[in-house]
Amino acid sequence: MILVTVGNHVQAFDRLIRAVDELAADLDEEIVMQIGHGRYRPQHATYFDFTTGEHLQKLTEQARVQVSHAGSGSILTAFRLGTPLVVVPRLCRYDEHIDDHQLQLARALEAEGRLVALYEVSAGSLRQAIDRAVEMVPAGPRESGGARLVDTLRAYLDGLSAAPAR
Amino acid sequence: MKIALICSQGGHLTEMLELLGAFDGHEVVLATYDGPRNRELAALGSVYSIPYRGVGPLAAIRYGLWALRVMLRERPALVVSTGAEIAIPFFVFGKLMRTRLVFVESLASVERMTKTGRLLYPLSDLFLVQWPQLLAVAGSRARYGGTIL
């Protein structure tokens, strides 16, 4: 099963939904799409607009690969559950987001070899990206990277608590 | 210590939730925009939320008054924010109230800071970036402390 997610952002991401729908027409595999505030209605896939975090986690676990916008929540979930990931950053110039921060994040993680990023999307390029993603990532859950950041903050807090009051 | 956690919805909230372990043992209050995940936040402490009405001048005044009310009622020792612009009035009033101010730049800020980050860097007592390459543009007091990924 291929899971597609575009997050809760108020702007639509029909560019991705349309491209996956086009791919879905020629694929035997089940495709499930979370379309958010999208206007385009997929013809060849199951879809819904929003769901609970739990349901999305379950779907991510079941998915052979996840194709999503480059939102931190979607990326975190896929990384945690070890689901191979293709991201298509929402772009400001297509009115998909307020700026291009998703582009920065996608490029950085792609450079680290942790996901496959697609910038202009078509049924063909999606198919290739999915094949690459599945080969790239070993199955199984990963440790959260947040531990060091949490420790940094905790150390700062401990320092404050220990300091004499002003 | 009472800590006020300030964040917008979406990725900013996702990142804040990843940092909660840092605040174990401290009292936490949250301030964010209205959103579907806010109900689950109530388990962490008091939640203050305000409808999102854009970033125009009238909205800014509303957010400012709301932030002032929250700060005066709660008087946190520390304010921590993962952005975005919702943090601005909390940092301004926090500075006046001698509150410690911590800003955590966004996970997506790899090469460029957020506008909010650039604005609040001068007010921050601790300014954390999540990518080491951002240190080159963030200012000498910025620290790389790890990423949530």
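This is a predicted model: local features need pLDDT of at least 70, side-chain atom pairs count only at pLDDT 80 or more; totals for chains, interfaces and linings use all residues.
A search of the whole structure finds seven salt bridges over all chains. One of the salt bridges joins Glu18(B) to Arg80(A), with the closest N and O atoms 2.4 Å apart. This pair crosses between chains: Glu18(B) belongs to helix H1 (residues 11-18) of chain B, and Arg80(A) to helix H3 (residues 72-81) of chain A. Glu18(B) is partly exposed, at a relative accessible area of 22%, and Arg80(A) is likewise partly exposed, at 27%.

Within chain A, Glu120(A) forms a salt bridge with Arg93(A), the closest N and O atoms lying 3.1 Å apart. Glu120(A) is located in the loop between strand S6 (116-117) and helix H5 (123-136), and Arg93(A) in the loop between strand S5 (85-87) and helix H4 (101-111), so the pair ties together parts of chain A that are 27 residues apart in sequence. Glu120(A) is partly exposed, with a relative accessibility of 45%, whereas Arg93(A) is exposed, with a relative accessible area of 56%.

In chain B, a salt bridge is formed by the side chains of Lys2(B) and Glu74(B), at an N to O distance of 2.7 Å. Distant parts of the chain are linked by this pair, as Lys2(B) lies in strand S1 (residues 2-7) and Glu74(B) in helix H3 of chain B, 72 residues apart. Lys2(B) counts as partly exposed, at 21% relative accessibility, while Glu74(B) counts as buried, at 10%.

Leu65(B) is also found in helix H3 of chain B, which comprises residues 57-74. Together with Leu58(B) and Ile61(B), Leu65(B) makes a nonpolar surface patch of about 340 Å².

Notes: Residues are numbered from 1 along each chain as its sequence is written. Chains are lettered from A and ligands numbered from 1 in the order in which they are written. Side-chain values use heavy atoms; hydrogens and water are left out. Patches are made of residues with over 30% relative accessible area and no salt bridge: like charges are joined within 9 Å, nonpolar side chains (Val, Leu, Ile, Met, Phe, Trp, Tyr) within 5 Å. Accessible areas come from the Shrake-Rupley method with a 1.4 Å probe; for residues, only the protein chains shown count as cover. A salt bridge is a side-chain nitrogen of Lys or Arg within 4 Å of a carboxyl oxygen of Asp or Glu. Helices (H or I, at least four residues) and strands (E, at least two) are DSSP runs, numbered from the N terminus. Buried means under 20% relative accessible area, exposed over 50%, partly exposed in between (1.4 Å probe, protein chains only).
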